[in-house]
Amino acid sequence: MPLEMTAPPSEATQNKGSVLVIDDELDIREGLDMLLTYAGYGVELAQGGIEGLQKMGARAYDLVLLDLMMPDLSGMEVLQEVRRRDRDTPIFMITAYGSIEAAVDALKNGANDYFSKPWDNEKLIIEIDRMIARRRLEYENVHLKRALVERYSFPNIIGKSERMVRMLDLVGQVASARSTILIAGETGTGKELVAKAIHANSPRAEQLFVAVNSGSLPPDLLESTLFGHVRGAFTSAVQSKKGYFEVADRGTIFFDEIGTLGPETQIKLLRVIQEKEFTPLGATEPIKVDVRILAATNADLFQLVKEGKFREDLYYRLDVIKISLPPLRDRKEDIPLLVEHFFDSYCRENNKFLDSAAHSILRFAPEAIQILMEHAWPGNVRELENVVERAVVLATDAVAPVEVLPDSLLQANGIRLHRGEGGPLPADASLFEIVNDYERQVITQRLEQCNWSQTEASESLHVPLSTLNQKIKRLDIKIRKKGDGN
């Protein structure tokens, strides 16, 4: 039965997978051990069904060779117990009887194939190779898809804070539904990114996502844009034109800042939600559409309802599920992640400060990070993104100093730069300015003691020379020549 082999395989060949042989006959186990080992497989042996189940409970195997007839537990009993726990591990049955009925029963109970004694060694190895390769490919495809979903479901929504994690969990839950969703959050929190993530993870992902800036168009033009018009509907309507609702049929339409919609447009939008149809301007027949509506607002819609500026019935149609985005000031632990994300993006865009894998090596100096962490961020993530883009453009080395931050941000945090070396601190100096002034004095004094040798000063201060040089540059300390007492 086993082929004659003149030399054992090298260790390099023992990487094709693991096979468990369950058989009560010693010569069968030894023969399969030699055959499979020579073919490059790692082999474990079990002399009966009970031992086989114990081994399978202790570890996973790429394939199992299972004898049909054994004294303690039959192969069929072992097969049924294995399949009760594990539907995936390939199992080849071995039978001495060549019984079609037994083989059919085994296949019905979850076996992948069967071989009758005496089998063809070459064919057995070919089938084992094929089965393990196929299962590995299936496994890799499943896990690749899962990894892609995990990595790309929300590629531009960055955050690990508790509020962001809860929000993203909710996005994942509602994406596959048909419900209308209201996305609430301050300007710059990323409401459109969330809308796009919902669309991308929905059954409508292959269809269009159409964004409408509700406040950027006058009411008459907005209605024509949304619902389309027929030729001659108004003076400049020289030809018929489809509106966004018709274009987005079977897809998603996103209303940004929906609180700015005028009363007439609100009425027509309510009809689309309720009746799933609309009538283009100048037309007489309605058009049926299947469109999911997502809406965003930075205003309190319920307050607008109480003020009579927004229809109550439309509000309740929109507010089926609400997703609230936290402002950046309430999730400051996400700032370093966002900074890293934007550095990667803008360093690639500007082809600056990139490593061999095209990842950014640029980072903010600790003092700059401290300012970012203490800022109130009234413009939220959009404001932070602008700050990082500016830093990428202005930075001259891989550590971006405080000076690359915009004056408006520094002033908002009570920080004034370029005071000049040696000048007095103002009476209303910020803590940042006081610390910088003290650090400037200490470094300047130590440089003077070391006759302006930066190497000696760095050793004396117990900091790397590169760190000292960065601080000298940031603090605008004028380096004198050695021996120059002036």
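Modeller: Helices here are DSSP runs of H or I with at least four residues, strands are runs of E with at least two, and both are numbered from the N terminus. The model is predicted: local features need pLDDT of at least 70, side-chain atom pairs count only at pLDDT 80 or more, and totals for chains, interfaces and linings use all residues. Residues are numbered from 1 along each chain as its sequence is written, and side-chain values use heavy atoms, without hydrogens and water.

Colleague: Which helix holds Asn380, and is Asn380 buried or exposed?

Modeller: Buried means under 20% relative accessible area, exposed over 50%, and partly exposed in between, with a 1.4 Å probe and protein chains only. Asn380 lies in helix α15 and is buried at 0%.

Colleague: What is Asn380 in contact with, leaving aside neighbours within four places in sequence?

Modeller: Contact means heavy atoms within 4.5 Å. Asn380 is in contact with Glu186, Thr187, Gly188, Thr189, Pro327 and Leu328.

Colleague: At roughly what angle do the axes of α13 and α15 cross?

Modeller: Axes are lines fitted to C-alpha atoms, for helices over the stretch in contact, and angles run from 0 to 180 degrees between N-to-C directions. The axes of α13 (residues 335-350) and α15 (residues 380-394) cross at roughly 45° and come within 9 Å. Residues of α13 that meet α15 include Phe342, Tyr346 and Cys347.

Colleague: How many disulfides are there?

Modeller: A disulfide is a covalent bond between the sulfur atoms of two cysteines. The rule here asks for a pair of cysteine sulfur atoms within 2.5 Å, and the count is zero. Cys347 is buried at 0%, and Cys450 is buried at 12%.
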